[in-house]
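Here is a short tour in questions and answers. Have the model open as you read.

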Amino acid sequence: MLELTVNGQAHTLDPPPLRTLAEVLRGDLGLTGTKIACAEGHCGACTVQLDGVPVLACITLAWTVDGREVTTIEGLRDHPLVDAFVRADALQCGFCTPGQIVSAAALVAEEPDPSPGRIREAMAGNLCRCGAYPRIEEAIASWRG
Ligand code: FES
Ligand code: FES
């Protein structure tokens, strides 16, 4: 059986061999905050943290993360970054936003005051088709309010 801790809660599952982590989170656990857009590892919409490190859940097979700790956007609902994104108006359609916040949360956990260059580097895997990049950067730079 596959043992996963998701947002602090233990789960035991038995997914088919090729089921992705994104499919398990959304389909089996009902955590639909994790989005699937390209489903090919290009856009970052499906980003979750695996033991604190951002990974692309759409190209991560669920069985490869047995015993690991997953954090999704639902587990970050009280993170100050959520308010920072709202304050900075850092979204338009919002589809990329969960992945953006998951990546940003991993960054500020490691570097609470990242430089603009570091923000761009850390967020390079998260695409925003609405082009909200300047405001996303502003939100991350001002995440502590
Ligand atoms: S949906 Fe996973 S990278 Fe695009
Ligand atoms: S806010 Fe629409 S894709 Fe980023």
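Q: Which residues does the domain assignment give to domain 1 and domain 2 of the protein chain?
A: The model is a predicted one. Its protein chain is split by the domain assignment into two parts. Domain 1 covers 2-72, and domain 2 covers 76-141.

Q: How much area do domain 1 and domain 2 bury between them?
A: The C-alpha centres of the two domains lie 20 Å apart. The contact takes 15 residues from domain 1 and 11 residues from domain 2. Carbon and sulfur atoms carry 61% of the buried area. The total is about 950 Å².

Q: Which three residues supply 37% of the area that domain 1 buries against domain 2?
A: No other three residues of domain 1 supply more. Strand 3 gives the most to this side, with 3 residues. The trio is Lys35, Thr47 and Gln49.

Q: Is Thr47 buried or exposed?
A: Thr47 sits in strand 3 (residues 47-50). Its contacts beyond four places in sequence include Pro54, Gly99 and Asn126. Its relative accessible area is 5%, and the cut-off for buried is under 20%, so Thr47 is buried.

Q: Why do the buried residues of helix 2 line one face?
A: The buried residues of helix 2 (residues 80-87) are Leu81, Ala84 and Phe85. Seen down the helix axis, they line one face because they fall within an arc of 100°.

Key: Residues numbered from 1 in each chain as written. Chains lettered and ligands numbered in written order. Predicted model: local features only at pLDDT ≥ 70, side-chain atom pairs only at ≥ 80, totals over all residues. Heavy atoms only, no water. Buried < 20%, exposed > 50% of the residue type's maximum accessible area, 1.4 Å probe, protein only. Helix = DSSP H or I, 4+ residues; strand = E, 2+ residues; numbered from the N terminus. Arc of directions from axis to C-beta. Contact = heavy atoms within 4.5 Å. Domains from an automatic or database assignment. Buried area = accessible area lost by both parts, 1.4 Å probe.
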